[in-house]
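This report describes a two-chain model, taking the chains in turn before turning to the ways in which they meet. The sequence and coordinates are shown below.

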Amino acid sequence: MPEVRRALKDLLAGGIFVALGLAFALGSLDYEIGSPLRMGPGYVPLVLGLLLAGLGVLVIGKGFIAGEGEPIGEVDWRAVILITAALLFFGLTVRGLGVIGALFGAALLAALARSATSALEAVVIAAGLTLLSVVIFIVALQLRLPLIGTWIPV
Amino acid sequence: MELLGNLGLGLSTALSPENLLFCLIGVVLGTAVGVLPGIGPTATIAMLLPVTFTLEPVTALIMLAGIYYGAQYGGSTTAILINLPGESSAAVTAIDGHEMARNGRAGPALATAAIGSFVAGTFATIVIVLFAPPLARIALTFGSAEFFSLVVLGLIASVALARGSTVKALAMIVLGLLFGTIGQDIYTGTPRFTFGVRELFEGVNFVSVAVGMFGIAEILRNLEDERTRKLVSKAISGLWPTREDFRRIAAPIARGTLLGSALGILPGAGHVLASFGAYSIEKRLSKRKEEFGHGAIEAVASPEAANNAAAQTSFIPLLTLGLPPHPVMALMLGAFIIHGITPGPNVINDEPALFWGLVVSMWVGNLFLVLLNLPLIGIWVRMLMIPYRILFPAIIVFAAIGTFSLGLNAWHVFAIAFFGLLGYALIKLGCEPAPLLLGFVLGPLLEDHLRRALIISRGDLSIFVTRPISAVLLAMAVGAILIAVLPAIRRRREVVFKEEVD
């Protein structure tokens with residue numbers, strides 16, 4: 001299927017647009033749609049969702065007619081997973097563990113996203129970044145965040 | 001004479017010790033982060049935004065503007081020293097600037113960029129002073145129908161002037177508009193697409209979208225193939241250009257400044273277009289065409305001037321129409337709103353101290369840039385040498401804690417991860433992230449004006465074409481789409497973006 005390979009990038013991009021467009025359009029049906037005079041909260045998202053799905057179909061169609069054909073290239077899954085994990089870890093633990101724990105864990109996960117970084121190196125980087133962040137955000141910018149969270153009995 | 005009074009007000013605002021200090025901090029901080037390779041101005045500003053939120057509105061905006069042109073200038077430094085431009089407009093500077101650095105003339109190249117930026121910044125500030133007030137007066141007559149059409153034109157024109165697939169860019173705008181609808185509906189208070197999560201009622205934060213799409217996505221791309229960075233640091237001696245250099249750069253700086261000032265007002269990639277255009281013009285006019293690509297000083301002077309003039313005049317549509325022409329201005333718009341000020345024609349009248357203070361501070365900031373950056377070049381070079389294995393985790397934790405601090409809301413941090421992944425996927429599939437951010441920031445505005453205009457017209461959609469200004473704006477939007485899609489013009493557009501880089 002040479003056509004599919006040539007159109008793959010557009011096919012996937014268009015697919016994302018169609019899926020998200022339809023998701024928003026379907027979701028907007030839960031809200032009052034209303035009329036142009038009295039638009040309900042669902043009116044604009046419904047129109048935009050359908051428009052996005054339409055544009056997605058165009059992207060797919062264009063891919064088959066004149067696909068760019070460039071390969072998508074490798075995806076570094078380790079980096080994708082670990083960096084996402086780092087951000088989620090921070091958000092989930094910043095209250096419970098406190099700023100120090102959340103920063104250290106997030107920095108450690110992030111540092112490990114690069115496969116050439118050794119575990120020891122990552123620990124050193126994470127410790128350094130935690131210290132630097134506390135100095136910048138808590139000491140210098142005076143953000144009122146608890147250094148030690150509620151999960152840790154003092 | 002009204003003008004002199006306004007400038008006086010601006011001077012007294014911009015020169016107050018506090019504002020002067022934060023302008024200076026902004027410029028230095030912006031340059032420091034902008035110098036870091038792989039972080040463009042958009043990501044820089046998004047990451048540093050939280051730092052400014054505790055300040056007074058005027059001071060915060062002055063500092064942000066300082067961060068902006070600091071980041072712009074820092075990007076050129078990186079482009080010249082390691083040939084790794086942070087964003088597309090600095091790519092032109094990298095061509096000959098990096099060659100100059102390799103020939104041992106990094107000093108004069110950096111000095112030329114600084115001088116060109118200062119001249120351009122000064123001229124562009126005057127352009128803002130002269131053109132912003134009349135434009136705002138016109139915009140004051142606009143009703144909701146006109147503003148709706150204006151936003152549509154702005155969004156579509158930003159696509160027509162950018163590179164890449166037009167359909168994909170249009171889809172990215174609509175996707176951005178849709179993400180902008182998340183949160184409570186302004187008219188009924190109904191929470192939309194929040195999945196019952198209270199933290200999402202206020203909507204997705206624009207800082208999360210910007211940091212995700214421009215910061216995290218970029219890191220993921222950099223980690224795919226770690227580029228070897230070769231730093232040219234050996235020969236940064238003899239900073240000052242020679243008399244011959246000065247003679248050669250005078251006219252190019254003037255031409256670049258004029259071109260940049262004009263193109264900066266355009267929505268979309270005005271500054272990119274300006275720097276590419278300036279390069280083409282200099283090459284065409286030069287008697288030493290063979291030097292271009294091998295370290296011609298004109299090819300640094302003119303694009304840098306054009307780039308900086310455009311960066312400055314792109315404030316005009318934001319300050320007078322409330323319309324951000326590119327992602328950085330979209331972030332500025334978000335910053336204005338956080339401080340309780342809606343950018344638009346009313347700012348000049350309602351907040352004269354803020355408006356004129358900001359404008360004058362732009363000139364002050366440019367002065368700081370030229371005075372500070374050359375002596376501090378040693379520090380910037382040291383920042384360049386921070387290894388990427390330390391740099392990217394630092395960006396991630398700073399982004400996390402900075403965004404969390406905005407409202408002590410962990411969902412702002414989760415949103416970074418979401419938009420980082422989405423941005424990474426879409427960029428890999430050939431979609432530019434800029435239109436999404438513009439759509440996201442302008443979405444609520446667009447919906448508000450649409451609904452208001454239709455209430456005024458009693459639900460009659462023809463209001464957008466029967467009101468003359470609105471009709472003209474929409475016609476221009478249609479024209480912009482045609483320009484982008486028609487094959488003949490499209491090919492020429494590709495040429496403008498490609499010819500000099502290959």
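A nonpolar core is a set of buried Ala, Val, Leu, Ile, Met, Phe, Trp, Tyr and Cys residues joined through C-beta atoms within 7 Å. A residue is buried if 20 or more other C-beta atoms lie within 10 Å of its own. The model discussed here is predicted.

## The largest nonpolar core

By that definition, the largest nonpolar core has 232 residues. The residues with the most contacts inside this core are A:L52, A:I83, A:A106, A:A107, A:A110, B:V174 and B:I396. Helix α6 of chain B, residues 106-140, provides the largest share of the core, at 17 residues. Domain 1 (2-66) and domain 2 (77-140) of chain A each contribute at least three residues to this core.

Setting aside residues up to four places away in sequence, A:I83 touches A:A110 and A:A113 in chain A, and B:I216, B:I219, B:L220 and B:I396 in chain B. Two of these partners, A:A110 and B:I396, are themselves listed with A:I83 among the core residues that have the most contacts.

## The two chains

Values for the two chains are set out here.

The secondary structure of chain A consists of five helices and zero strands, in the order α-α-α-α-α along the sequence. The radius of gyration of chain A is 23 Å, well over the 15 Å that the globule rule gives for 154 residues, so chain A is more spread out than a compact globule. Chain A is divided into domain 1 (2-66) and domain 2 (77-140), and the C-alpha centres of these two domains lie 37 Å apart. Of the 154 residues in chain A, 42% count as buried. Among the contacts of chain A between residues at least 6 apart in sequence, 62% join residues at least 24 apart.

Chain B has 23 helices and two strands. For its 502 residues, a compact globule would have a radius of gyration near 23 Å, and the value for chain B, 22 Å, agrees with this. Buried residues account for 62% of chain B. Among contacts in chain B between residues at least 6 apart in sequence, 80% join residues at least 24 apart.

## The side of chain B that touches chain A

How many residues of each chain are in contact with the other? The contact involves 52 residues of chain B and 55 residues of chain A. On chain B, the helices α8 (166-180), α9 (206-224), α18 (388-407), α19 (410-428) and α20 (434-456) each supply at least two residues of the side that touches chain A. Of the elements of chain B, α18(B) gives the most to this side, with twelve residues. By class, the side of chain B that touches chain A has 37 nonpolar, six polar and nine charged residues.

## Helix α19 of chain B

Helix α19(B) has 19 residues, which at 1.5 Å a residue should span 27 Å; its end C-alpha atoms are 28 Å apart, in agreement. The helix is mostly covered, with 14 of its 19 residues buried. Just after α19(B), B:G430 takes a positive phi of about 85 degrees.

Within α19 of chain B lies B:G420. With 28 C-beta neighbours inside 10 Å, B:G420 counts as buried. Leaving aside neighbours within four places in sequence, B:G420 is in contact with B:G212, B:I216 and B:A217. B:I216 is also one of the residues that A:I83 touches. B:G420 and B:L11 are 409 residues apart in sequence, and their C-alpha atoms are 41 Å apart in space.

## Backbone angles at two loop residues

Most residues other than glycine have a negative phi. B:L408 is not a glycine, yet has a positive phi of about 45 degrees. This residue is placed in the loop between α18 and α19 of chain B. With 13 C-beta neighbours inside 10 Å, B:L408 counts as partly exposed.

B:F195, also not a glycine, has a positive phi of about 50 degrees. B:F195 is found in the loop between β2 (191-192) and α9 of chain B. Is B:F195 buried or exposed? With 8 other C-beta atoms within 10 Å, B:F195 is exposed.

Terms used: Residues are numbered from 1 along each chain as its sequence is written. Chains are lettered from A and ligands numbered from 1 in the order in which they are written. This is a predicted model: local features need pLDDT of at least 70, side-chain atom pairs count only at pLDDT 80 or more; totals for chains, interfaces and linings use all residues. Two residues are in contact if their C-beta atoms, placed from the backbone, lie within 7 Å. Helices (H or I, at least four residues) and strands (E, at least two) are DSSP runs, numbered from the N terminus. Ala, Val, Leu, Ile, Met, Phe, Trp, Tyr, Cys and Pro count as nonpolar, Asp, Glu, Lys and Arg as charged, and the others, Gly among them, as polar. Domain bounds come from an automatic or database domain assignment. The radius of gyration is taken over C-alpha atoms; the globule rule is 2.2 Å times the number of residues to the power 0.38. A residue is buried if 20 or more other C-beta atoms lie within 10 Å of its own, exposed if 12 or fewer, and partly exposed in between; C-beta atoms are placed from the backbone. The expected span of a helix is 1.5 Å times one less than its number of residues.
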